[in-house]
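Subject: A structure for you to look at

Hi,

Here is the structure I promised to hand over. Please open it next to this email and follow along as you read.

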Amino acid sequence: MDVSLYGHLTYDRIFEDFRKYTSIGSIGNVWNFLLRINPKLKVNIEPTAIGEALVLVNKDKVERTSVAQLNLKTKKPNIIDSKWSHIMYINELDDLSFIKDIKGIVSADICKGKELENKNILKDIDYLFISDEDIFTDIRELGKLTKGWVILHHKTGSICTDGDKLFETKVSVIENVNVLGAGDMFAASFINEQLTTSLEFKKIVINSHRRVTNYLESIVNEKN
């Protein structure tokens with residue numbers, strides 16, 4: 001396989017003001033955007049936890065927040081040989097022992113919720129994605145704990161560090177848009193770029209932000 005997705009798969013109940021709709025979140029967001037941008041990718045879905053989330057979106061402020069029960073059902077995953085494995089969300093998974101059995105590149109995401117207890121697991125993570133809302137320690141210190149890079153993303157760009165080197169990227173803020181899943185889209189775009197291009201790391205981060213921005217802008221333009 002090209003990519004295997006592990007971790008949480010959620011049933012999302014989403015409110016934009018008083019408009020309610022449902023969606024598949026977490027793994028579902030990454031899977032959807034991966035295949036949207038590259039239908040040729042072979043993507044394996046291997047959820048280790050199934051849960052539910054209640055999400056409130058504020059398009060006027062380009063914000064979203066949520067409460068969730070992420071581990072309503074859990075299981076130990078089957079490890080599938082893949083070029084890349086992405087795990088959601090390591091701070092909310094009770095059992096992380098399967099990570100040591102994964103071969104190839106490993107990335108992981110941290111979500112809103114409890115602080116990551118087993119920080120030793122970061123030595124097995126090549127790329128750690130975390131939003132500015134969920135950061136729980138100094139980013140350079142987090143970079144030193146991680147095998148590879150920490151990518152701290154926010155609505156105006158990102159900060160990336162390996163504990164030594166650090167750089168920032170900037171993107172334009174899109175007004176009046178639903179940003180739910182934007183972080184997952186960014187991770188999906190980053191994974192695809194790493195697998196299919198030979199660009200330098202910083203350029204891949206920039207391209208990944210740009211792809212998500214272009215997609216969100218297209219949604220706004222369609223509605224207008």
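Asp-17 sits in the loop that joins strand 1 to strand 2 (19–26); helices (H or I, at least four residues) and strands (E, at least two) are DSSP runs, numbered from the N terminus. Although Asp-17 is not a glycine, its phi is positive, at about 55°. With a relative accessibility of 60%, Asp-17 counts as exposed. Here buried means under 20% relative accessible area, exposed means over 50%, and partly exposed is in between (1.4 Å probe, protein chains only).

A word on the background: this is a predicted model, where local features need pLDDT of at least 70 and side-chain atom pairs count only at pLDDT 80 or more, while totals for chains, interfaces and linings use all residues. Residues are numbered from 1 along each chain as its sequence is written, and side-chain values use heavy atoms, with hydrogens and water left out.

Ser-26 also has a positive phi without being a glycine, at about 60°. Ser-26 belongs to strand 2, and at 5% relative accessibility it counts as buried. Another backbone detail is the cis peptide bond from Met-88 to Tyr-89, with omega near -15°. Tyr-89 is placed in the loop between strand 5 and strand 6 (105–110).

Now for the whole chain. How many helices and strands does the chain have? There are 4 helices and 10 strands, and along the sequence they follow the pattern β-β-α-β-β-β-β-β-α-β-β-β-α-α. The radius of gyration is 16 Å, close to the 17 Å that the globule rule gives for 224 residues, so the chain is as compact as a globular protein of that length. (That radius is taken over C-alpha atoms, and the globule rule is 2.2 Å times the number of residues to the power 0.38.) The C-alpha atoms fill a box of roughly 45 × 40 × 40 Å along the principal axes. Of the 224 residues, 50% count as buried. Among contacts (heavy atoms within 4.5 Å) with a separation of 6 or more, 49% are between residues 24 or more positions apart.

Next, the aromatic rings. A search of the whole structure finds 12 aromatic pairs. Rings of Phe, Tyr and Trp (its six-membered ring) pair if their centres lie within 6.5 Å; planes under 30 degrees apart count as stacked, over 60 as edge-to-face and the rest as tilted. Why does the pair of Trp-84 and Tyr-127 count as stacked? The ring centres of Trp-84 and Tyr-127 are 5.5 Å apart and the planes are at 10°, so this pair is stacked. Trp-84 lies in strand 5 (residues 84–88) and Tyr-127 in strand 7 (residues 127–131), so the pair ties together parts that are 43 residues apart in sequence. Trp-84 is buried, with a relative accessible area of 0%, and Tyr-127 is buried at 15%.

In another pair, the ring centres of Phe-190 and Phe-201 are 5.8 Å apart and the planes are at 85°, so the pair is edge-to-face. Phe-190 is in helix 3 (residues 182–196) and Phe-201 in helix 4 (residues 201–223), 11 residues apart. Both Phe-190 and Phe-201 are buried. One aromatic cluster includes Trp-84, Tyr-127, Phe-190 and Phe-201.

These residues come up again in the largest nonpolar core. A nonpolar core is a set of buried Ala, Val, Leu, Ile, Met, Phe, Trp, Tyr and Cys residues joined through side-chain atoms within 4.5 Å. Which of the 32 residues in the largest nonpolar core touch the most other members? They are Leu-34, Tyr-127, Ile-151, Phe-190 and Phe-201. Elements giving two or more residues to this core include strand 1 (3–16), helix 1 (27–37) and strand 8 (149–154). Helix 3 gives the largest share, 7 residues. Apart from this core lies another one, of 23 residues, among them Val-106, Ile-110, Ile-121 and Ile-125.

Last, have a look at Thr-161, in strand 9 (residues 157–161). Thr-161 is buried, with a relative accessible area of 0%. Its side chain reaches the backbone nitrogen of Gly-163 at 3.0 Å. Leaving out residues up to four places away in sequence, Thr-161 touches several residues, including Ile-139, Arg-140, Trp-149 and Leu-166.

Happy exploring!

Technical notes:
A polar contact is a pair of N or O atoms within 3.5 Å; within protein, one must be able to donate a hydrogen and the other to accept it, and residues adjacent in sequence count only if both atoms are side-chain atoms.
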